[in-house]
Amino acid sequence: MKIGKNIISIRPLTWGVTAICLLLLVACSVSYKFNGASIDYSKVHTIQISDFPIRSSYVWGPMGPMFNNQLKDVFANHTRLQQVKRNGDMKIEGEITQYQQRNKSVSSEGYSAQTELSITVNVRFTNNTNHSEDFERQFTATASYETVRSLNSVQEELVTQMVKDLTDQIFNATVANW
């Protein structure tokens, strides 16, 4: 009988503490943005992302569509902005200006041991709700591979990595305000 009375007397205390904890959780909400975007959605509703043409003398065909699709996907997945064809509250346009490879290191035999591949894009960003944030800037991403491998065997993988890096850089510079 004594055990039963202790359980009965603990239950109201447990319910009380639980109720207070739940009340605090509901009353004190903390908001985190894991995507890093700091957009004032009361002013900015749309974004216009133009396709970036390739203006580089050295070209890999799939690179252009890969970059354009990834850039649009980053904004679609990490913001609530509606993408429009024209007259967006924000506008991103530019071109892929360089796609090149160069020797990065030399082996003891005097041959290239590593090759570095790089992509550079020129970006023009316009924020029609706050023109002080407008800019024109170049972004570059690089990736290296062992020269014993051919460019054809690593190109898709490396370009995919560099495109992700570039689109993250552009996202951070335009809407994350890092």
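Trainee: Which backbone oxygen does the side chain of Thr174 reach?
Mentor: This is a predicted model. Thr174 has its place in helix 3, residues 151–176. At 2.8 Å, its side chain reaches the backbone oxygen of Ile170.

Trainee: Is Thr174 buried or exposed?
Mentor: Buried means under 20% relative accessible area. The relative accessibility of Thr174 is 2%, so Thr174 counts as buried.

Trainee: Which residues is Thr174 in contact with, leaving aside its neighbours within four places in sequence?
Mentor: Start from the place of Thr174, which is in helix 3. With those neighbours set aside, the contacts of Thr174 are Phe75, Ile92, Phe125 and Phe135.

Trainee: What pattern does the protein follow along the sequence?
Mentor: The protein has three helices and five strands. Read along the sequence, they give α-β-α-β-β-β-β-α.

Trainee: What is the order of the strands in the open sheet?
Mentor: The sheet has five strands, and the pairing is mixed. Its edge strands are strand 2 (82–83) and strand 5 (135–146), each pairing on one side only. The order is 2-1-3-4-5.

Trainee: Over how many bridges do strand 3 and strand 4 pair?
Mentor: Strand 3 covers residues 90–106, and strand 4 covers residues 112–127. Gly94 has Val123 in strand 4 as its bridge partner. Arg102 stands opposite Glu116, also in strand 4. The two strands pair in the antiparallel sense, over 15 bridges.

Trainee: At what angle does helix 2 run to strand 3?
Mentor: Helix 2 spans residues 63–78. It lies across strand 1 (46–49), strand 2, strand 3 and strand 4. Its angle to strand 3 is about 125°.

Trainee: And which strands does helix 3 touch?
Mentor: Helix 3 packs on the sheet. Its direction makes about 150° with that of strand 5. The strands touched are strand 3, strand 4 and strand 5.

Trainee: How many aromatic pairs are there?
Mentor: Rings pair if their centres lie within 6.5 Å. By this rule the count is five.

Trainee: Why is the pair of Phe125 and Phe135 tilted?
Mentor: A pair of aromatic rings is described by the distance of the centres and the angle of the planes. Here the centres of Phe125 and Phe135 are 5.5 Å apart. Planes under 30 degrees apart count as stacked, over 60 as edge-to-face and the rest as tilted. The planes of this pair are at 35°, so the pair is tilted.

Trainee: Where in the chain do Phe125 and Phe135 lie?
Mentor: The two residues are ten residues apart, and their pair links distant parts of the chain. Phe125 is buried at 2% relative accessibility, and Phe135 is buried with a relative accessible area of 14%. Phe125 lies in strand 4 and Phe135 in strand 5.

Trainee: Which residues do ring pairs link into a cluster?
Mentor: Phe125 and Phe135 pair with centres 5.5 Å apart. The cluster linked by ring pairs is Phe125, Phe135 and Phe139.

Trainee: Which ring does the charged end of Arg137 sit over?
Mentor: For Arg80, the charged end sits over the ring of Tyr41, 3.9 Å from its centre. For Arg137, the distance to the ring centre is 4.2 Å, and the ring is that of Phe135.

Trainee: Which side chain does the side chain of Thr120 make a polar contact with?
Mentor: Thr120 has its place in strand 4. Its relative accessibility is 6%, so Thr120 counts as buried. Beyond neighbours within four places in sequence, its contacts include Glu95, Gln138 and Phe139. The polar contact, at 3.0 Å, is with the side chain of Thr140.

Trainee: What phi does Asn87 have?
Mentor: Asn87 is found in the loop between strand 2 and strand 3. With a relative accessible area of 69%, Asn87 is exposed. Most residues other than glycine have a negative phi. Asn87 is not a glycine, yet its phi is positive, about 60°.

Trainee: What share of the residues in the protein is buried?
Mentor: The protein has 178 residues. Among the buried ones are Thr174 and Thr120. Buried residues make up 33%.

Terms used:
Residues numbered from 1 in each chain as written. Predicted model: local features only at pLDDT ≥ 70, side-chain atom pairs only at ≥ 80, totals over all residues. Heavy atoms only, no water. Helix = DSSP H or I, 4+ residues; strand = E, 2+ residues; numbered from the N terminus. Buried < 20%, exposed > 50% of the residue type's maximum accessible area, 1.4 Å probe, protein only. Polar contact = N/O pair within 3.5 Å; in protein donor to acceptor, adjacent residues only side chain to side chain. Contact = heavy atoms within 4.5 Å. Pairing = 2+ DSSP bridges. Axes fitted to C-alpha atoms, helices over the stretch in contact; angles between N-to-C directions. Phe/Tyr/Trp six-rings, centres within 6.5 Å; stacked < 30°, edge-to-face > 60°. Lys NZ or Arg CZ within 6 Å of the ring centre and 35° of its normal.
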